[in-house]
Amino acid sequence: MNPKSDNLAKSQELKKQITDLQKKKHQLQNETQRRASWEQRKARTKRLIETGALAEKYFGLDDFTIEQREKIFQTFSEFVKSKIQKR
């Protein structure tokens with residue numbers, strides 16, 4: 001083999017490796033984003049469950065419909081928001 005064809009083959013192999021590495025990098029970035037999104041959803045779900053449990057505990061909402069619960073939250077919403085903003 002002559003040096004030019006050797007260099008061409010090496011160059012093509014390096015380009016293929018670069019392309020493969022770029023694909024792998026993209027896959028890892030996507031996986032990282034998916035994981036972060038999953039963790040955020042998991043944390044939000046936990047927070048919602050805990051908040052719902054506290055609402056049932058302190059307001060006794062066990063037997064209320066969703067519409068009744070919403071009305072209760074609407075009633076207290078402005079009061080709670082005003083107290084939070086004053087901190």
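Which helices each supply at least two residues of the lining of the largest pocket? Here α1 (3-59) and α2 (66-85) do, where helices are DSSP runs of H or I with at least four residues, strands are E runs of at least two, and both are numbered from the N terminus. This is a predicted model, so local features need pLDDT of at least 70 and side-chain atom pairs count only at pLDDT 80 or more, while totals for chains, interfaces and linings use all residues. Residues are numbered from 1 along each chain as its sequence is written, and side-chain values use heavy atoms, with hydrogens and water left out.

**Overall build**

- The chain has 2 helices and 0 strands.
- Its radius of gyration is 29 Å, well over the 12 Å that the globule rule gives for 87 residues, so the chain is more spread out than a compact globule. That radius is taken over C-alpha atoms, and the rule is 2.2 Å times the number of residues to the power 0.38.
- Along the principal axes, the C-alpha trace spans about 85 × 30 × 20 Å.

**Pockets**

- A quick word on terms: on a 1 Å grid over the protein atoms alone, a cavity is a set of points where a 1.4 Å probe fits but cannot get out, whereas a pocket is an open set with protein on both sides within 12 Å along at least five of seven lines; lining residues have an atom within 4 Å of a point.
- The largest pocket comes in at about 230 Å³, a volume being the space filled by probe spheres set on grid points that are joined across faces, edges and corners.
- Its lining includes Thr51, Leu54, Glu56, Phe59, Arg69 and Phe73, and α1 provides the largest share with 7 residues.
- That lining splits into 7 nonpolar, 2 polar and 3 charged residues (Ala, Val, Leu, Ile, Met, Phe, Trp, Tyr, Cys and Pro count as nonpolar; Asp, Glu, Lys and Arg as charged; the others, Gly among them, as polar).
- The second largest pocket has a volume of about 170 Å³, and Phe59, Phe73, Gln74, Phe76, Ser77, Val80 and Lys81 line it.
- For this second pocket α2 gives the most, 6 residues, and the classes are 4 nonpolar, 2 polar and 1 charged.

**Salt bridges**

- The structure holds 5 salt bridges, each a side-chain nitrogen of Lys or Arg within 4 Å of a carboxyl oxygen of Asp or Glu.
- Lys16 and Asp20 pair up at 3.0 Å, N to O; both sit in α1, 4 residues apart, about one turn of the helix. Lys16 is partly exposed at 48%, and Asp20 is partly exposed at 37%.
- Glu31 bridges to Arg35, with the closest N and O atoms 3.5 Å apart. Glu31 is partly exposed at 32%, whereas Arg35 is exposed at 54%.
- Arg69 and Glu56 meet at 3.9 Å, N to O. Arg69 lies in α2 and Glu56 in α1, so this pair ties together parts that are 13 residues apart in sequence. Arg69 is partly exposed at 22%, as is Glu56 at 34%.
- Salt bridges with shared partners also join Glu31, Arg34 and Arg35 into one network.

Technical notes
Buried < 20%, exposed > 50% of the residue type's maximum accessible area, 1.4 Å probe, protein only.
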